[in-house]
Structure formats: structure tokens, C-alpha cells
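Here are a few notes to read alongside the model on your screen. Take them one at a time and find each piece as you go.

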Amino acid sequence: MLTIAVATGCEGATAQIGGSEEEEIHYADQDFIKDLGKGLEARWTLNEKYDAEDGDTVNVEHRKEYIQAEIDAISKYENETFEDSVLKEKVLSYINALKQSQEALKYANADFERYATEWEKAYNQRAKLLEDFVSDYELTVSDKYQSILDDFMVTSQITKESEALEDALDQMAKGITFEMVSNEYGYKTYHAIVENTTGKDLGNTQFTINLLDADGVIVETTYYSVDNYKAGQKAKVEIYTDKDFASTEVTIDTF
């Protein structure tokens with residue numbers, strides 16, 4: 001007769017088969033959170049040192065060193081067993097964001113714009129995950145570094161709001177349909193009534209409109225802008241062209 005008894009918990013579980021005790025399963029959930037805090041403090045200690053030396057200059061070697069300090073503290077958890085599968089996914093995502101930061105440094109001296117974009121993307125991803133680690137898993141740091149962790153919480157909220165707005169703008173763009181309202185001297189005018197469904201008051205809002213032929217090839221790109229575009233407000237977006245096209249592809253940016 002096969003008997004299996006399992007005692008679960010954050011620290012571990014013990015399995016018994018046929019009355020004999022097997023090796024205890026150790027879950028890394030709590031250990032990771034502790035080591036993440038240590039890794040952050042090790043990184044921020046180097047931050048303080050190198051920022052004083054470098055000022056606004058991007059010193060690639062210094063940045064590699066303080067990223068590595070954090071990776072060294074938590075990289076082993078890529079292969080550890082977690083009781084909370086959601087936490088394990090977040091652990092892997094966080095380590096991946098650190099590696100993305102390292103990758104971004106390759107462009108710091110050759111293509112600064114690309115570096116800045118990739119660095120910010122990884123930074124914002126870390127911020128969102130750190131907020132989760134704080135709110136859901138009780139991540140803490142010493143009082144000396146609490147203000148830095150607080151800044152990450154603010155960055156996380158800003159990032160989430162920005163991403164939500166981008167999604168809402170994408171949904172607006174997908175719902176736009178143009179109708180021809182005039183055709184004079186070979187030039188056609190098309191209108192679309194577009195409601196601001198983002199829930200946010202927008203400033204200058206630009207519509208970039210690709211006119212596509214039946215094969216999806218861009219035959220012309222045209223632009224239209226709306227100022228002071230309040231939540232729930234409708235605006236008339238216009239196309240004026242002498243080109244024939246089969247469909248449109250719209251993107252919306254707000255400034």
C-alpha cells in the first residue's frame with residue numbers, strides 16, 4: 001500500500017513514501033525576499049559611491065558593477081523551488097529585467113538614444129515588480145534606503161498609468177472609421193468622429209494615419225491633431241488626399 005503524507009508551508013515540505021521519510025522540499029519564497037533586499041542595498045551602496053564620482057556621466061563599468069551586485073544576490077533563485085508559482089514568475093521577470101539593463105549598457109557609447117530607451121524599459125519593469133514584492137511579499141529595506149524604494153513605488157504607479165493610457169489610445173485607434181464627405185478636383189475629404197474614451201483629459205493629441213492599398217502597402221501618411229481633448233469629448237479627425245486607398249491604419253500619441 002502506498003502512503004503519501006505531505007506537510008506544506010513556506011519553509012518546506014516533507015514527503016513520506018511507504019513509511020520512509022524522503023528529502024525535505026525547501027521552498028525559497030522567504031529566502032528570495034530577504035536576499036532581494038540585501039541585493040538592492042548592495043547595489044544602492046555602489047550607486048551612492050559611483051554617482052558621487054560620475055555625476056551625470058554614464059560610466060559603463062560602474063553600472064555593470066552595481067547591476068552585478070544585485071544579480072549575485074538573487075541569480076541562484078532562477079533554479080530554486082517556490083511554493084508560490086506567481087512569485088516564481090515574478091522572480092524570473094525581475095532577474096530578466098536586470099539582464100536587460102546589462103544589455104542596454106552595450107549601446108551607451110555607440111547609440112545613446114537606444115541605450116536610454118532600453119535602460120528605462122528595464123528600470124520601469126523593475127519598479128513594477130518591486131511594488132509587487134513590497135505589497136504582496138513584504139519586501140523591506142533598511143531605513144537608510146527606504147526613500148529609494150519609495151521612489152520605485154512612485155515610478156511603478158506612473159508606469160502603470162502610462163501603460164494603461166497607451167492601451168486606451170490603441171483601443172480608440174482601432175475603432176476609427178472614416179467616411180468620405182467630399183470629392184472635388186481629384187481631392188477627397190474623409191471625416192471620422194472620435195470620442196476620447198481614455199478617461200483622461202488629453203493635451204495635444206496627434207493622429208498618424210497610414211493610407212493602405214488592397215495589399216496593405218502604405219500609399220500615403222497623413223496627420224491630424226486635436227488640442228485640449230477632454231475625457232468623453234468627441235473630435236472630428238480629417239483626411240485630405242488625392243490618393244486612392246482601401247483601408248487606414250491609425251496610431252494616436254498624446255503630449
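1. Start with helix α3 (residues 85–104) and helix α4 (residues 112–137): their axes come within 9 Å and cross at roughly 155°. An angle over 145 degrees counts as roughly antiparallel, so α3 is roughly antiparallel to α4. Keep in mind that this is a predicted model.

2. Now turn to how these two helices touch. The crossing of α3 past α4 is left-handed. On the α3 side, the residues in contact include Val86, Leu87, Tyr94 and Leu98, and on the α4 side they include Trp119, Leu129, Phe133 and Tyr137. Sorted by type, the residues of this contact come out as 14 nonpolar, four polar and four charged.

3. Next, follow α4 to its meeting with helix α5 (residues 146–174). Here the axes come within 8 Å and cross at roughly 115°. The range for roughly perpendicular runs from 65 to 115 degrees, and α4 and α5 are therefore roughly perpendicular to each other. This crossing of α4 past α5 is left-handed.

4. Who does the touching there? From α4, the residues include Tyr123, Arg126, Leu130 and Asp132, while α5 brings, among others, Leu149, Phe152, Met153 and Lys160. This contact of α4 with α5 divides into seven nonpolar, five polar and six charged residues. Have a look at Arg126 in α4: it is listed in the contact with α3 and also in the contact with α5.

5. On to the strands. Three of them make an open sheet in the order β5-β6-β9, and the pairing is antiparallel. β5 (179–184) and β9 (234–241) sit at the edges with a single partner strand each, so one side of each has no neighbour in the sheet. From one strand to the next, the twist averages 20°.

6. Zoom in on one pairing in that sheet. Strand β6 (residues 187–195) runs antiparallel to β9, and eight bridges join the two. As background, strands of a sheet pair through backbone hydrogen bonds.

7. Finally, the rings. How many aromatic pairs does a search of the whole structure find? The count is 13. One of them is phenylalanine 32 with phenylalanine 82, an edge-to-face pair at 6.3 Å centre to centre with 70° between the planes. This pair links distant parts of the chain, 50 residues apart: phenylalanine 32 belongs to helix α1 (residues 29–54), and phenylalanine 82 lies in the loop between α2 (60–74) and α3.

Definitions and conventions
Residues are numbered from 1 along each chain as its sequence is written. This is a predicted model: local features need pLDDT of at least 70, side-chain atom pairs count only at pLDDT 80 or more; totals for chains, interfaces and linings use all residues. Side-chain values use heavy atoms; hydrogens and water are left out. Axes are lines fitted to C-alpha atoms, for helices over the stretch in contact, and angles run from 0 to 180 degrees between N-to-C directions. Helices (H or I, at least four residues) and strands (E, at least two) are DSSP runs, numbered from the N terminus. Angles under 35 degrees count as roughly parallel, over 145 as roughly antiparallel, 65 to 115 as roughly perpendicular and the rest as oblique. A crossing is left-handed if the near helix is turned anticlockwise from the far one by less than a right angle, and right-handed if clockwise. Contact means heavy atoms within 4.5 Å. Ala, Val, Leu, Ile, Met, Phe, Trp, Tyr, Cys and Pro count as nonpolar, Asp, Glu, Lys and Arg as charged, and the others, Gly among them, as polar. Two strands pair if DSSP finds at least two bridges between them. Rings of Phe, Tyr and Trp (its six-membered ring) pair if their centres lie within 6.5 Å; planes under 30 degrees apart count as stacked, over 60 as edge-to-face and the rest as tilted.
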